Amino acid sequence: MAVIRDVMPAFELLQPTSTADALTLLGRYGSDAWILAGGLDSFDWLKDRIKRPRYVIDLSGIDELKGVRERNGGVEIGAMTTLTDVVRHPIVRDRYAILMDAAESAASPQIRNQGTIGGNVSQDTRCWYYRAGWSCYRAGGNICYADTPESINREHAILGADRCVAVNPSDTAPALIALDAEMVLRSASGDDRVVDAEDYFIGPGTDITRMTVLRPGELLTAIRIPGDWAGARFYFEKVRDRQVWDFPLVNVASAMVTSGETIQNMRLVVNAVAARPLRLVNVEQFVKGKPRNDQTADAAGEMAIEGAQPLRFNAYKVPLMRNLVKRAIRGVGEWATS
Amino acid sequence: MADTKYIGQNYTPPDLVAKVTGRARYAEDFRAEGMLFAKLLTSPMPHCRVRNIDASAALAMPGVKGILTADDLPDLGPNVERALTNEPFYAGEPILAVAAVDELTAAEAVEKINVDLEPLPFVVDPLDALRPGGPDARTTGNVWGAPMPGGVGPNAASPVKTIKWTGEQFADADEGRLPMGEPTEQWAYGDLDAGFGNAALVLDETMVVQSTGHHPMETRSAMAYWQNGKLYIHASTQSVAQTLPNVARWCGIMPQQVVLISEYTGGGFGSKGGGAVSTCIPAMLSKKLNGVPVMMRITREDENYIGRARTNMSGRTRIGFAKDGRITALDLFIVQDNGSYGPMGDHRSAGLAASIIYQPQAMRWRAISVLTNTPPRSQQRSPGPMQANGQRAKLTSAFIVEALDKGKQAFRWDERKAYSGQRRGAKVRGVGVAVGPHGSGSIGFDSLMTLRPDGKLYVQSGVGNLGTHSVMDLARVAAEVLAMPWEKVEVVWGDTGKGVPWSCLSVGSQTTHAMTRANFAGANDLKRKLQEIAAKDLGGSPDDYELSNERVHRKGAGGGLTYTQAAKRAIELGGKYDGHEVPEDINVMTKGAAAKHAGLGVMGVAKDNYPRNGTTYSFVIGFAEVEVDVETGKVTLIDYLGVGDVGTVINPRSLLAQIKGGSCLGIAHALQQKWVFDPKYGLMLSRRFHYSKPLTILDIPATMNADAVGLPDPETPVGARGVGEPPVGAGYGAVLNAIADAVGVDVFRRAPVTSDLVLMSLENKKRMHEPLRAHV
Amino acid sequence: MDQPDSPRSGVTRRAFIKGVIASGAVASSAAYLFRAGGEIFGQTSAPGSVERLITLNVNGQMRRVDVMKQETLAMTLRYKLGLTGTKIGCDRAECGACTVLIDDVPHYSCSVLTHTVRGRKVQTIEGLANGDQLHPVQQAIVDEQGFQCAFCMPGFTMAAVGFLKTNPNPTRQQLAHGISGNLCRCQDYDKILTAFMRGAEYMRRSS
C-alpha cells in the first residue's frame with residue numbers, strides 16, 4: 001500500500017463542553033479516542049496519516065480547563081490555558097518568571113496563542129525518524145533508527161537512553177519541575193490522581209511508547225505550582241538553532257534561594273538531553289550551602305554530565321549541558337552594547 | 001541615460017494593492033466548474049524500478065476519476081527528467097497521480113494503489129559514489145561527463161559516465177582532506193608551480209557547503225484544463241515567456257496550443273526558472289479526462305522532494321600567498337553533489353567566481369559532478385559563486401573598490417575591528433567582509449509595446465512576477481524614452497493569451513540587464529515611428545521632432561501631434577507603424593504577440609541588438625559583525641551592511657531589498673539552514689521547516705543596511721545590471737569570515753556553522769565536526 | 001462542577017441534521033463535490049458529535065457552510081468561501097502564510113479545525129479594508145513597498161494587525177518578536193518591519 005503524507009483522514013469530532021463530558025467520552029471510546037488540546041502536535045500526526053483515531057475529542061470548548069487561579073499560596077493553571085495566557089498572567093510574571101520565560105521561548109506567537117500548557121508538557125518527541133513514521137521501538141517496532149553507526153542524531157539523547165534515544169522537547173516542562181509543580185490527572189474510571197511534575201514524564205525504560213504517565217482514558221486537567229519557589233532567583237536558557245519556532249538543543253531551568261552569595265536551596269532541571277526532563281538532584285545537593293561562584297559552578301557542571309553517553313553527532317550536548325548548568329549557578333557574562 | 005525622471009526613483013508597483021488586499025491570484029487560487037484534485041504517489045525508495053502498478057481498487061472508489069503514469073507522458077529524450085517516472089532516482093519522486101473529486105478521496109485512492117517496486121542500488125553522498133566499489137546512482141553510471149560538443153548554457157547536455165577513485169586517493173579522507181581522483185573537467189591559466197614556488201605561505205584546506213532546499217513560500221501548484229484543443233494552465237513560474245515552450249514540450253504539444261497564466265509567483269529563487277516539470281501533471285490528467293479542470297496542490301511535503309535544492313559542494317583549495325597578501329596560485333578541486341537529474345553547472349560557475357573573487361596570478365580548476373539519489377537540484381540564487389566564496393574574462397565594468405570604500409566607512413570597520421577577537425564574559429565578537437560576484441546580464445531579447453489612441457502606453461512584459469518588481473521596472477525605461485507620464489503606462493504581464501514578447505529567463509540576475517536593453521530598443525523604435533509619422537504629416541525630417549508633454553513635435557515649441565493623434569495616424573498608415581509589419585530578427589513568440597496587437601496603435605517592437613564588449617558581472621560587498629557565545633557555540637549576527645556595484649539603479653527600494661534579502665539567504669547558509677538524509681536508507685530527514693531551519697525574522701538584526709554605488713555600466717544603454725544573486729555570496733562569505741575572526745580560522749570547515757560545531761571545536765581546541773559528509 | 005445540561009452519566013447530544021442540504025444554503029461550495037468523509041461516516045453519527053452544516057462569522061458576514069469534521073479553517077476559507085487571500089504555505093503551522101484573526105488573535109488557520117470556530121469572529125485579509133479604504137497597515141505596506149513576492153503577505157499582515165491590537169506602540173525589536181511566527185523566503189524582513197512600523201504609526205493616528 002502506497003504511503004501519502006498529506007490530508008487528514010476522516011474522524012468523528014466530539015466537542016464536549018465540560019470535563020465530565022470529556023471523561024465520559026474518553027471512557028466510552030478508550031484507545032479509539034484522541035485528545036485534541038491546541039492541536040499543534042496532533043495535526044502533524046494526523047496530516048501525516050500516521051495516527052488514525054476514529055474519534056477526536058476536542059477540549060477547546062471546556063472553559064473550566066482554562067485560566068490561572070490562585071490556590072493555597074501558589075497557582076493552579078488549567079491544562080487548556082494557552083501559552084500566551086500563561087506568559088501574560090501577572091502572577092506568573094511576578095512570581096514565576098521562569099515559567100514565563102520558558103513558555104515565551106516555545107514555538108511561535110501563533111502557536112503560543114493556541115497551544116496549551118497541557119499540550120506543551122504532554123507533547124510527543126520530535127525525533128525525525130519516529131515522526132516520519134518509521135517503525136521504530138517507540139512506534140511499536142524493534143529497532144531505533146536514530147541509534148545506528150550512520151544515523152544522524154544531533155538532536156538526540158546523551159542520558160537515560162534505553163533502546164530509544166529520543167528526547168523530550170518541551171520548554172515549559174523543566175520550568176515546572178524546577179518550580180516543584182504537580183499535575184492533576186482525572187480519569188474516566190474516577191481514579192483521579194495528582195503526580196509530581198518530575199514524575200509525570202517517563203523514559204523508554206518505563207514505557208517506550210509514551211512520554212508521560214498519562215494513560216488512555218486519563219486527562220491532564222491542571223498544573224499546580226506551590227508558593228515555595230515564588231520569586232526565587234530563576235534561570236532559564238534555551239539553546240536552539242533558530243530564535244523562533246525551534247525546539248531546544250538543550251534547555252535549562254532552575255530556581256535558587258540564596259542567602260548573601262551562599263546557595264541555600266536549588267532545583268535544577270535540564271531538558272532535551274533525555275527522553276524526559278532531568279532533574280539534577282545530585283547537583284542540587286552538592287551546591288546547597290556552597291558559595292555562588294565560578295568554582296561551585298564548574299564543579300556542578302562536571303557533576304551534571306556524569307554518565308553522559310553521546311552518539312555520533314551529539315557529543316556537543318555534553319559541554320553544552322555542562323555550561324548551561326554552570327550558568328544556572330553563576331549567570332552569564334554579556335557584552336556591553338557598543 | 002542622463003536627467004532621468006523615473007529611473008532611480010521609488011514608485012508604487014501597480015500590483016501592490018491587489019497583493020495587499022488578497023485579491024492577487026496565485027496558481028492555487030483559481031477555481032473552475034467541476035474542478036478535480038490531483039494527488040501524487042511518490043517513491044518510498046531512493047532508487048527502484050516500477051514492476052507493476054495495480055490501481056484497480058483505487059479506480060473503483062466513488063469519486064476517483066483517473067490516474068496518470070509515466071507511460072502517459074511524452075518521451076523527452078535520454079536522461080531528461082519527466083514529471084512521472086517508472087525508475088525513481090530519489091525517494092519522493094512522483095510515480096503516478098490520481099485525480100478525484102476532492103483531495104481526501106485522492107489521498108485515500110493513493111493509499112489503495114499497490115505499486116510493485118524492485119529496489120536498486122543507491123547512494124546519497126557523492127564521495128560514497130566515487131569510492132572503489134561504491135554504489136552508482138544510476139544503472140548507467142555515477143557522474144556527469146564534460147558537456148557534449150555544442151552544449152551551451154549552465155545545464156549543457158552531458159553523457160553519464162562511471163568514474164571510481166582509488167583507495168589510495170581516499171587515504172586522507174578520514175582526516176577531513178577531500179580526496180582528489182580523476183576529474184571530469186578542468187582548466188588552468190598561468191604557471192601554477194611557479195606561483196606556489198614563489199609563495200610565502202601555502203595553505204591546503206577543505207570546505208563543505210551543504211545543499212539547501214529553495215522552498216519558495218508558494219509551492220509549485222498548478223491548475224489546468226483544455227478548451228477547443230488549447231491547454232489553459234495556471235502555474236507558478238519565474239519566467240512566463242520562457243516557460244511556455246517548456247510546458248508544450250512536457251505535454252508533447254505545440255507552443256501555440258498553450259495559454260499560460262502566471263500573474264503572481266510566490267517566489268522561486270531558481271527553483272521555478274523555466275517553470276516546473278510537475279506542472280504538466282494536471283495538464284495531462286485533464287487531457288485524459290476530456291479537458292475537465294484539474295488542480296494539483298503541491299504540499300510542502302512534496303515540495304521537499306520535487307521543489308529543487310542547491311547543489312552541495314566539497315572543495316579543496318591549495319592556495320599560495322605572497323608576503324603582501326596577493327594570491328600567487330590557486331588550485332581548486334570541487335566534488336559536486338549534482339543530485340538525481342541535471343546536469344548541473346554550479347561547479348563551473350564556482351570556479352569562475354573563485355578566479356574573480358581571489359584574482360590569483362595562476363589558477364587551476366578541476367571538478368567532478370556526481371549523481372546521487374537525492375532530489376533534483378536547480379540553480380539556487382547565486383549558484384556556484386556563493387559556494388566559491390569561499391574568469392578570466394573582460395568584465396564590462398567593476399567598481400568594487402568604490403563599493404569597498406563606501407562600505408568600510410559606513411560600517412565603521414576600523415572601530416569594530418579594534419575589539420574583534422576579544423572575549424568579554426562568554427561572548428566574543430568578530431567582523432568579516434566578502435565580495436559576491438555574479439554574471440548579471442544576458443542580451444538579445446525582444447520588446448513589444450503599443451501607444452494607443454486612448455493616450456496610454458501598453459508595455460507587454462514576458463518575464464515573471466516574483467516580487468523583484470523587474471516585471472514593472474522594465475516599463476519605466478519605456479516611460480523614460482517616450483516621456484510618458486507613469487500613470488499612463490499600463491504593464492501587461494502574466495498571461496501569454498495577452499501576447500508577450502520573447503523575454504529572458506527571470507533567473508541569475510538577468511532580467512534588469514536584458515530587459516532594460518530590450519525595452520530601450522523597443523521604446524526607441526516607437527519613438528522613431530512617432531517622429532516619422534509627424535514628419536510625414538507635418539513635413540521636415542523625423543530628426544526635427546522630439547517628444548514631450550505626450551506630444552511629438554518640432555524641436556523647441558513647434559507644431560506636432562498629440563500621442564492620441566499619432567496613434568490614430570499609425571493605425572491609418574498601417575505597415576510597420578501599427579505592427580502589421582515587424583522586424584525579421586525578432587523571435588517567433590514576439591511575432592505572434594505582435595500580431596495580437598497589430599492595428600491597436602503605434603507599435604514599438606525590437607530585438608536588443610546593442611553591442612556589448614565583455615562579460616557582465618554584478619558585485620555586492622557584504623560586511624558583517626557576529627557575536628559568538630563560547631559556552632554554547634551559538635553565533636548571532638549583530639550587524640550587516642551590503643553595498644552593491646550593480647550599475648545604474650532603476651528602482652532603489654527594490655534594489656536595496658534585493659541586497660538585504662539575498663544577503664539573508666547567504667546568511668542562512670552560513671548559520672543554520674540544512675538538508676539532511678539518512679545515508680543508510682537514503683531518505684530525507686529534514687522534512688519540516690523546524691528541521692531544515694530557514695531563516696526567521698529573529699535570526700537577523702532588526703535593522704539591516706544596504707547601499708549601492710550607482711555607477712552606470714558603460715556597456716549597456718541604460719547602465720543597469722542585475723542584483724538578485726551577488727548579495728547571497730556576500731552575506732555568506734562575510735558571516736563566515738566574521739565567525740573566523742571571532743573564534744579563529746580553525747574552528748570550522750563546513751557550513752552551516754551551527755552551535756554544535758563551534759562548541760565542539762572550541763572545547764577540543766581542534767576541528768571536531770563531520771569533515772566530508774555532504775548532508776548532515 | 002457539572003453543568004446542568006451535562007449529567008455525568010450522559011453526553012450532551014446535539015441535533016444531527018439529516019437529509020439533503022439545500023444547495024443554495026451552502027456558500028459557494030456548489031461547484032465542488034465534497035464527499036461525506038471517510039468510511040466511518042457510513043455509520044450513524046456518534047453521540048456528542050458535531051453537525052456538519054454550520055454558520056461561520058467571517059469578515060463580519062454570517063456564512064452557512066458544509067464542513068467536514070477534520071476540515072481546517074484554511075481549507076474552508078479557500079475552497080468553500082472563496083477567500084483565497086489566505087495562503088497555505090506549509091499546512092503544518094510552521095510558516096504563517098495562513099494566519100487569520102480569530103476573535104482578534106492571530107492563528108495558523110491550517111491548524112485550526114473549522115468546527116472549533118463556531119460562534120467566534122474570523123477575520124481574513126479580505127476583511128481588512130473598508131471598501132476601497134485600505135486598513136492603515138495595508139496602506140503602510142503600499143507606502144513602504146513592503147514585501148516582494150507577497151505570498152506570505154496576507155498571513156504576515158494579519159499577524160501584524162493582531163499583534164498591534166494589543167501592542168500599539170512597539171519598538172522595532174518588539175514588533176519583530178510579535179510577527180516572528182511568519183516566514184518570508186524572499187527574506188525581505190527588514191522592509192517588512194519598516195512597513196509595519198509605519199502601519200503601527202498609521203493605526204495610532206487613525207484611532
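**Close-up views of chain B and its neighbours**

**View 1. The side of chain B that touches chain A.** In this predicted model, 43 residues of chain B are in contact with 35 residues of chain A, where two residues count as in contact if their C-beta atoms, placed from the backbone, lie within 7 Å. β1 (36-42), α3, β5 (114-119), β18 (427-439), α18 and α20 (755-764) of chain B each supply at least two residues of this side; helices (H or I, at least four residues) and strands (E, at least two) are DSSP runs, numbered from the N terminus. By class, the side of chain B that touches chain A has 16 nonpolar, ten polar and 17 charged residues, with Ala, Val, Leu, Ile, Met, Phe, Trp, Tyr, Cys and Pro counted as nonpolar, Asp, Glu, Lys and Arg as charged, and the others, Gly among them, as polar.

Residues are numbered from 1 along each chain as its sequence is written, while chains are lettered from A and ligands numbered from 1 in the order in which they are written. Because the model is predicted, local features need pLDDT of at least 70 and side-chain atom pairs count only at pLDDT 80 or more, whereas totals for chains, interfaces and linings use all residues.

**View 2. The side of chain B that touches chain C.** Here 50 residues of chain B are in contact with 47 residues of chain C. The elements of chain B that give two or more residues to this side are α1 (16-20), α3 (103-111), α17 (652-671) and α18 (689-692), and α17(B) gives the most, with six residues.

**View 3. Helices α6 and α7 of chain B.** The axes of α6(B) (residues 240-251) and α7(B) (residues 280-288) come within 10 Å and cross at roughly 50°; axes are lines fitted to C-alpha atoms, for helices over the stretch in contact, and angles run from 0 to 180 degrees between N-to-C directions. The two helices α6(B) and α7(B) are therefore oblique to each other, given that angles under 35 degrees count as roughly parallel, over 145 as roughly antiparallel, 65 to 115 as roughly perpendicular and the rest as oblique. Val247(B), Trp250(B) and Cys251(B) in α6(B) meet Cys280(B), Ala283(B) and Met284(B) in α7(B), and by class this contact has six nonpolar, no polar and no charged residues.

View 4. Helix α7(B) is mostly covered, with eight of its nine residues buried, a residue being buried if 20 or more other C-beta atoms lie within 10 Å of its own, exposed if 12 or fewer, and partly exposed in between. Among the residues that Ala38(B) touches, not counting those up to four places away in sequence, are Ile281(B), Pro282(B) and Leu285(B), which are buried residues of α7(B).
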